[in-house]
Every structure is written in C-alpha cells, then in structure tokens.
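Have the model open while you read.

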Amino acid sequence: MNMNEIHEYNNWTMFKKYATGRNMIRIAYFIFNVFFVWKIIVAYNSVFLAGMVPVLSLLGYLLILIPEGHILDRFNRGSVFRISAALLALTYIILFFYQSLIAIYTVALISSVLSSINSDAFNTIMKEIVSNEKLQSAISLSQGTNALSELAGIILGGILLYFPLSYLSIILFALPVICIITGTGKTMNRAGTADPYGFKGAMKIVVSIMPFLLLTLLLNGLFISLDVFGSGLIHIILHGSPMDYSLFVGAFPAGVIIGSIFSEKISGHLSKTRFISSLLAPLGLILLVISLSKYLYVDIIMAVLLGVTVIFVNIGFQTIFMKAIPDSVMGRVNSIGTIFSLGGSPLMAAIFSILSNYFYFPYIMSVAALISIAVAIPSNSIIKSMPDRISKIVGDMESNQNIPQMEMA
C-alpha cells in the first residue's frame with residue numbers, strides 16, 4: 001500500500017472504533033427509553049405520562065444544539081465524544097438511588113443532552129476523518145450499526161423489564177464506560193484555529209435550504225406520533241405483553257438493518273433526489289396502516305417496511321449534506337439545521353400526548369399519517385433544489401473570502 005492508502009486505512013479503522021463507542025451510548029439510550037416507557041404506562045395506565053419520556057428526550061436534544069454546534073467546530077471532537085460519555089455514566093448513577101417519576105424524567109432529559117452531544121460528535125468526526133470517496137460507505141455503515149444498536153437496546157430493555165432495577169442501573173453505567181475505552185483516536189485540535197465561515201456563514205447555508213428544513217420539521221413532527229402512541233397501541237389496544245412491545249419497537253431497527261444490507265447494491269440511486277422523494281408518500285401510508293391495524297404482526301411487518309424505507313432516505317440525505325458542507329462549519333450547520341428539522345417534534349409529541357386525553361389516539365395517528373401523505377406531494381421540487389442551493393452558497397462564500405477548496409474535503 002502507498003502512503004495515501006495507509007492513511008485512509010488508519011482513518012477507516014479509527015472511524016470504526018468511534019462507531020463502536022457511539023453505539024454503546026445508543027444501546028444505553030434505547031434501554032432506558034423502552035424500560036421506563038413501559039414501566040410508566042403499566043404503573044399509571046397513562047399514554048400522556050409515558051409519552052413524556054420521548055418528549056423530554058427530544059427537548060434535551062434541542063436545548064443543547066446551538067452550544068453543541070459551536071463546541072464541535074472549535075474544540076477537539078474526540079475529547080468532546082469521550083467527556084460526554086463520562087458525564088452520561090455519572091447521570092445514570094442517579095437511578096441507583098432514585099426511581100420516582102421526577103427522577104426518571106430528569107435522567108431522560110440530561111441523558112438525552114449528553115447522548116446527543118456524543119452522537120453529533122461522532123458525525124462530525126466522520127466528516128473530519130473519512131474521505132469523500134468513502135463517505136457514503138461510512139454513512140451506510142453508520143446507519144446500519146445505528147439500527148443494530150437500537151435493536152440491541154430495545155431487546156435488552158424488554159428483557160430487563162423482568163429483572164430488578166439494579167440490573168438496569170449497572171448496565172446503563174457500564175455502557176458509557178465502554179464507549180470511553182473504545183472511542184479513541186487522534187482528532188484535530190480546533191482550539192485557536194481560523195474560522196473562515198463563522199456563524200454568519202453557517203446561517204447563510206441554513207437559509208439556503210430552509211424549504212427543505214421546514215418540510216422535515218413537519219414530517220418529523222407528524223411521525224413522532226408513533227413514538228408517543230406505540231406503547232399505547234400494544235398495551236391498551238392489543239393488550240400485548242412487554243415482549244410484544246419489544247418486538248414491535250424492535251421491528252423498525254430490524255428493517256433498517258435489512259435496508260442497510262441492500263443499500264450498497266442501490267447506492268447509485270440513493271444520491272438521486274427523485275428516488276428519495278418518491279419514498280416519502282409510502283412512509284405516510286405505512287403509518288396509516290399501523291394506526292388502523294388490530295393485529296400485532298401486521299404492525300410488526302409495517303414497522304419493518306418503515307425501517308427499510310427510512311434508511312434509504314437517510315443515507316441519501318446525509319450523503320448530500322456531508323459532501324456539500326465544509327468540515328469547519330459542519331457542527332454549526334448541523335445544529336442550526338436540526339433545530340428547524342426536529343424543532344417541531346417535542347411540541348408535536350406534547351400536543352399528541354395532550355390530545356390523547358380527549359380523542360381516541362389511533363385516530364390521531366391516522367390524521368397525522370394522512371397529512372404526511374399530502375405533504376409528500378410537493379416534496380420532489382423542494383428536495384431536488386437542495387444540493388444546488390448548498391453548492392451555490394458555499395461557492396459564493398469561498399469566492400468572496402478566498403477560502404481554499406480543500407476545506408470541502
């Protein structure tokens with residue numbers, strides 16, 4: 001191998017080490033959510049109280065986004081990755097001593113903040129160390145292992161429902177510690193480095209893709225109904241067991257894993273905006289079937305199909321974003337853009353939880369599904385223009401400020 005090949009091999013090895021650490025955090029995150037969503041809905045028979053766990057998780061993510069984006073662009077991303085894991089381990093210790101509803105909600109909020117920092121640190125590290133030629137492969141591997149860690153967390157969360165709470169506390173503490181051990185490798189020390197784009201440049205990029213961000217804001221807000229009402233569908237409508245709930249929740253990441261296996265075979269289509277936009281209406285149809293179904297295995301099959309479709313969409317979008325956005329501003333563009341794309345989710349989750357006190361919640365899901373189908377109709381023109389919008393604004397900034405093209409690598 002020549003020097004370039006050795007360097008790329010070493011960076012790919014480092015990427016996989018960070019991916020392993022990140023997945024430990026994701027396993028812990030899903031164990032916590034599955035375990036306590038089910039515990040709360042069984043103890044209180046309240047979709048509203050159970051739905052507050054994903055609400056607080058999303059809220060925690062949004063609270064940290066702006067400062068997190070600045071931190072990831074100005075400091076060593078590997079150090080941020082490990083520090084967030086260490087703080088997360090300390091947060092889960094709270095569950096050794098307190099298990100009240102307030103304690104659970106507090107841990108849900110704080111752990112969401114720290115898990116989000118860890119995950120976004122990983123994404124920016126991927127942009128930093130993986131070459132453009134291997135970026136789509138890295139994203140495909142990342143999405144596939146995302147699903148594996150989610151599925152592992154869901155299964156373990158379901159199993160731990162049958163064990164004393166102390167077992168849960170020990171595992172939740174141990175997983176972030178493993179992340180610190182495995183998530184190693186030298187990353188760039190950004191403290192004191194020049195910032196050619198600044199916050200203003202990040203905002204220009206975000207403004208250029210605002211139609212797309214508003215589209216994702218609405219769609220993510222509508223699909224959060226599945227997270228809010230999923231436990232209610234299984235426990236209240238289908239009278240299922242904790243294992244039934246675990247199978248249903250685990251079906252989505254299982255679908256993502258299946259989709260990731262085939263993603264390389266259709267990689268040429270995943271970067272085409274027309275192909276991606278054609279998948280949005282079927283997502284709404286799948287949600288509609290889940291909301292109306294009275295059979296567990298129909299819901300499980302639909303959740304698998306949902307996972308397969310979502311990973312194709314996610315790989316396409318993430319590849320377009322990461323190739324177009326300069327590394328030095330990636331953290332801020334990602335954080336500001338995420339506020340718009342996910343900002344509606346906590347609000348919609350809270351609204352769905354409140355509406356469930358007045359309306360039959362499967363009907364609420366059906367209405368959300370129908371709206372998402374309608375929104376998918378004009379999506380093609382919005383998505384098609386997105387890459388050109390990013391390229392134009394970045395090109396204009398580079399020309400005006402004489403920023404080297406290597407910044408895009």
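Is the crossing of helix 9 and helix 13 left-handed or right-handed? It's left-handed. Keep in mind that you're looking at a predicted model.

## How to describe a helix pair

Two packed helices can be summed up by the angle between their axes and the distance between those axes. Let's do that for two pairs.

## Helix 9 with helix 13

Helix 13 covers residues 280-292, and its axis comes within 11 Å of the axis of helix 9, with a crossing angle of roughly 25°. Angles under 35 degrees count as roughly parallel, so helix 9 and helix 13 are roughly parallel to each other.

Who touches whom? On the helix 9 side you'll find Leu219, Leu222, Phe223, Ser225, Leu226 and Leu233, and on the helix 13 side Leu280, Leu283, Gly284, Leu287 and Ile290. Sort the residues of this contact and you get nine nonpolar, two polar and no charged.

## Helix 9 with helix 17

Now turn to helix 17, residues 361-376: its axis and that of helix 9 (residues 210-237) come within 9 Å and cross at roughly 155°. That angle makes helix 9 roughly antiparallel to helix 17. The crossing of this pair is left-handed.

Helix 9 brings residues including Leu215, Phe229, Gly232 and Ile236, while helix 17 brings residues including Phe361, Pro362, Met365 and Ser372. The residues in the contact of helix 9 with helix 17 split into 17 nonpolar, three polar and no charged.

Methods. Residues are numbered from 1 along each chain as its sequence is written. This is a predicted model: local features need pLDDT of at least 70, side-chain atom pairs count only at pLDDT 80 or more; totals for chains, interfaces and linings use all residues. Side-chain values use heavy atoms; hydrogens and water are left out. Axes are lines fitted to C-alpha atoms, for helices over the stretch in contact, and angles run from 0 to 180 degrees between N-to-C directions. Helices (H or I, at least four residues) and strands (E, at least two) are DSSP runs, numbered from the N terminus. Angles under 35 degrees count as roughly parallel, over 145 as roughly antiparallel, 65 to 115 as roughly perpendicular and the rest as oblique. A crossing is left-handed if the near helix is turned anticlockwise from the far one by less than a right angle, and right-handed if clockwise. Contact means heavy atoms within 4.5 Å. Ala, Val, Leu, Ile, Met, Phe, Trp, Tyr, Cys and Pro count as nonpolar, Asp, Glu, Lys and Arg as charged, and the others, Gly among them, as polar.
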